[in-house]
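Please look over the following model with care, taking the inside and the surface in turn.

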Amino acid sequence: MAAAATTSSAKAPGPAAPRNRNDTFNQKDKPAQVRLSNITAAKAVADAIRTSLGPRGMDKMIETGKKEVVISNDGATILKHMSVLHPAARMLVDLSAAQDVEAGDGTTSVVVLAGSLLVAAEKLLKKGVHPTQIAEGFQYAAVEAVKILEEISIPINLDDREFLLKSATTSLSSKVVSQYSSILAPIVVDSVLRIVNPATDHNVDLNDIRIVKKIGGTIDDTELFPGLVLNQTAITSAGGPSRIEKAKIGLIQFQLSPPKPDMDNQVVVNDYRQMDRILKEERNYLLNLVKKIKKAGCNVLLIQKSILRDAVNSLSLHFLSKLKIMAIKEVERDEIEFLCKATGCKPIADIDSFTEDKLGYADLVEEVESNGSRIVQISGIKNAGKTASIIMRGANQYVLDEADRSIHDALCVIRCLVKKRALVVGGGAPEIEISQRLSELAKTQAGFQSICFQAFAEAVEVIPTTLAENSGLSPIAIVTELRNRHANGEKSSGINVRKGTISDMLRENVVQPLLVSTSAIELSTETVRMLLKIDDILASR
């Protein structure tokens, strides 16, 4: 037997080297090799984050090039930090980022689903089905899957706070901060409802919700502040005030320090009288600036950060404290729009345009200290825009960063419900329903489409299978039981990860926005179709 095997292997023809240039076009196996290489690379990325799916998913520790450590189980965050070189694998990283932009949640599911569809496509390719036919078949199957999801979805009203809370809690349940979901979910829902009008709005600008992270205390101490919270602290080094009632807030984009020339110049002064004159001139210049600010009635001054010169110097701070003006510096350029919207003030670019009509009004501006950190709180704002401020606390930076990502995902879930006002149940229930309905549809299709529908139906089952695997349950037993329940008409039966059984997901309050599921299926199918249509990789000059 061994001798026979050796003989046959010796006779097996290897890939022939092209004799001349035109022979390259006759290499039939090259497109297949390129496809296989792409599928293998993309599958490797999907398998890397598959273990972090679901409430019992594992976290990944990532060490960045700057030796910073990131701990997360958010698919988009993990893939963003991963060093991925293969171009096909990089497409899955972009896929996760696209899901993050579109829906904000389901970034792990979308990559796992794409990996599973690629495995299904690979099996069909080995059976001899043409890649274009597979791509078309998957496209039709995805359209049908979205229709099925819309059929089994539950329409909601944004006035129904209970459903919004359930969705936010489900999103938070798979995060590190899941034990605090009873505290964070109401904060998330209230902050979104504060900035949208449920009757007319069909989108939420999450830039209107500000999260201020402070180390100290625990996540229990996180709160939604009724006014505005600033990251910066008041300057009290020259004896300036740290609490102002009936505040008139001005936001300036110029500096309270002596002007500097654009180029570095040196001025040599020999006479001390000239020196006195220079100092006197500087003093008068700064005094005039501060007097004009006081004349407009301003008593709280926000100063934009400058890279060319100091925002304030000790002399201008002395004048500000004498005139009882509270100064807050280091306001970032990208914060300006939010602060103007929140306080009702307008940014002032030079001292001549500093007038009372550009000021914002508030009942109280004060600097408070709690849990070892200081923040400035502005409350009772008149003419305030629709904004919200969340003060987030945590024991260390890693916890704070992961809590921030978790709250962002939960905010995106509520945004999805504002965009598309419908819910589907979680726990792998919609995927099993899609799988069963598509299997039935496959029997009515003709030719290759029937095979593609069946392959798509089996690939979608990866979500409940992975949920069961990550929870330490038997995937075969769980998925078989799920199929049985759905075949008997129990459409909302899903995997109860905490009890290790199958139960009604609606009763367990495990729900997610319809948009998360539909966009995951559409985006993953699109990416898989794109990968299947590639038959060569060429290097550009």
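How much space lies in the largest cavity?

## The enclosed space

In this predicted model, the largest cavity holds about 40 Å³ of space, and the count of cavities of 30 Å³ or more comes to 1. The residues that line the largest cavity are Ile235, Ala238, Gly240, Leu317, Leu320, Ser321, Ile325 and Ala327. Helix 10, which covers residues 314–322, gives the largest share of this lining, with 3 residues.

## A strand with two partners

Strand 14, made of residues 422–425, is covered on both faces: Ala422 and Val424 are buried on one side, while Leu423 and Val425 are buried on the other. Strand 14 pairs with strand 3 (residues 154–155) in the antiparallel sense over 2 bridges, and 3 bridges join strand 14 to strand 17 (residues 511–513), again with an antiparallel run.

Is leucine 279 buried, partly exposed or exposed? Leucine 279 counts as partly exposed because its relative accessibility is 45%, and the partly exposed class lies between the buried class, under 20%, and the exposed class, over 50%.

Notes: Residues are numbered from 1 along each chain as its sequence is written. This is a predicted model: local features need pLDDT of at least 70, side-chain atom pairs count only at pLDDT 80 or more; totals for chains, interfaces and linings use all residues. Side-chain values use heavy atoms; hydrogens and water are left out. Buried means under 20% relative accessible area, exposed over 50%, partly exposed in between (1.4 Å probe, protein chains only). Helices (H or I, at least four residues) and strands (E, at least two) are DSSP runs, numbered from the N terminus. Two strands pair if DSSP finds at least two bridges between them. On a 1 Å grid over the protein atoms alone, a cavity is a set of points where a 1.4 Å probe fits but cannot get out, and a pocket is an open set with protein on both sides within 12 Å along at least five of seven lines; lining residues have an atom within 4 Å of a point. Grid points are joined across faces, edges and corners, and a volume is the space filled by probe spheres set on the points.
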